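Biologist: I am new to this structure. Please take me through one part of it closely.

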Amino acid sequence: MTSKRWRSIVLLMALSMTHCSRPPESHLTLAPICKAENRSAWMSVSGLCHILAFYGLGPTDLPGIASGKEIITLLTDEAAAAAAFGRSPFVKAGEGVRYALFDEASWEVAVGEAHRDQCLATFAALDLPLHTPVRLNSGARTLRDLLAESMAGFDLDRKEIAWSAMAFARYLPPLSSWTNRAGIGVSFSALANALMAIDLNSQKCAGVHVIEALLAIEAADAVHLILDPSTRNALRSRLNPTLRNAGERQRSDGMWGKSWCAGMNDETEPMSPFQMSFLVTGHLLDLFARLDSDRRPDRASLERAARALTAAMRSTDVRPNGFWVCPYSHAARGVNAVWKLEE
Ligand SMILES: [Zn+2]
Ligand SMILES: [Zn+2]
């Protein structure tokens with residue numbers, strides 16, 4: 001046999017052994033949007049939460065940030081945080097402290113979380129232990145103190161409760177209820193019902209984090225039975241159709257729009273339709289990739305979305321600025337996770 005012919009047989013064998021859905025990119029990172037020259041765009045509490053969620057505690061390929069561990073220090077050591085952000089992200093609250101909230105409704109806040117309890121939820125997702133030190137100018141604390149303040153200051157009527165819920169679901173069980181500073185009882189059942197009552201149109205990120213929070217409570221309940229039986233049933237009858245419906249609403253281009261589930265309108269303002277579908281598709285892939293296979297769209301649909309999103313990431317509309325840190329990091333994490341899914 002000629003060596004040329006032999007080579008083509010080997011090549012054919014190699015091709016047939018390769019899974020047909022080979023990833024278009026081997027592994028995405030946040031390096032394209034977090035560069036040295038736009039450091040101020042991502043050197044924020046929310047930016048670092050996203051970077052930490054993406055890289056975990058290990059090494060990063062970003063300029064000036066060696067690892068996720070270094071990010072934990074920037075978020076839990078007040079002096080280091082003040083040096084990085086220009087001022088402390090902590091504010092006094094009740095007996096303790098919490099992170100300042102930096103959103104469109106917060107006045108005179110220059111540094112802080114984009115969502116209340118965004119840091120705690122990020123730490124919770126990484127399973128960071130509650131004895132992790134928090135070094136404040138006023139003295140040594142731990143994450144447990146931040147969590148205690150969050151529980152004391154929590155109320156169900158807040159505009160955004162999803163991030164607090166995600167932190168509580170990871171850190172509190174088997175505790176299933178507590179009393180806040182105002183003397184009002186809060187339970188996981190009440191929290192789940194409040195989350196289920198939210199109009200997702202009113203939420204950031206097309207409400208995907210509300211579903212994420214409900215899934216976190218459901219997972220905690222599966223281990224610790226923190227819900228009453230009727231809430232447990234209501235939760236299941238809400239989550240299963242929502243996830244199924246999301247699968248059915250994937251567009252022919254592989255992406256999802258804002259109306260990714262029933263009840264969602266198509267308005268994208270103040271974002272462009274491109275930004276919104278990028279944001280929603282990235283968030284959904286990030287979420288779906290963490291679900292059991294029977295609860296998410298089939299593999300072919302997820303791969304279609306991963307390819308469409310990877311193409312969208314190369315668009316000149318995606319720029320290294322503060323806006324893109326959130327959508328891009330969810331998208332990159334979701335795409336990477338899709339290519340790592342088991343059969
Ligand atoms: Zn989001
Ligand atoms: Zn985000």
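Is the crossing of H12 and H13 left-handed or right-handed?

Modeller: The crossing of H12 and H13 is left-handed. A crossing is called left-handed if the near helix is turned anticlockwise from the far one by less than a right angle, and right-handed if clockwise. A word on the model first. It is predicted, so local features need pLDDT of at least 70 and side-chain atom pairs count only at pLDDT 80 or more, while totals for chains, interfaces and linings use all residues. Residues are numbered from 1 along each chain as its sequence is written, and chains are lettered from A and ligands numbered from 1 in the order in which they are written.

Now the helix pair. Two packed helices are described by the angle between their axes and the distance between the axes. H12 covers residues 273–288 and H13 covers residues 299–313. Their axes come within 10 Å and cross at roughly 140°. Axes here are lines fitted to C-alpha atoms, for helices over the stretch in contact, with angles from 0 to 180 degrees between N-to-C directions. H12 is therefore oblique to H13. Angles under 35 degrees count as roughly parallel, over 145 as roughly antiparallel, 65 to 115 as roughly perpendicular and the rest as oblique.

Which residues touch? H12 contributes Phe-278, Thr-281, Gly-282, Leu-285 and Phe-288. H13 contributes Leu-302, Ala-305, Ala-306, Leu-309 and Ala-312. Two residues are in contact if their C-beta atoms, placed from the backbone, lie within 7 Å. Eight of these residues are nonpolar, two are polar and none is charged. Ala, Val, Leu, Ile, Met, Phe, Trp, Tyr, Cys and Pro count as nonpolar, Asp, Glu, Lys and Arg as charged, and the others, Gly among them, as polar.

Pro-270 sits in the loop between helix H11 (229–248) and H12. The peptide bond joining Glu-269 and Pro-270 is cis, with omega about 5°. Most peptide bonds are trans. Another cis bond runs from Pro-173 to Pro-174, with omega near 15°. Pro-174 lies in the loop between helix H8 (162–171) and strand S7 (177–179).

Finally, the setting. The protein chain has 14 helices and eight strands. Helices (H or I, at least four residues) and strands (E, at least two) are DSSP runs, numbered from the N terminus. The C-alpha trace spans about 80 × 50 × 40 Å along its principal axes.
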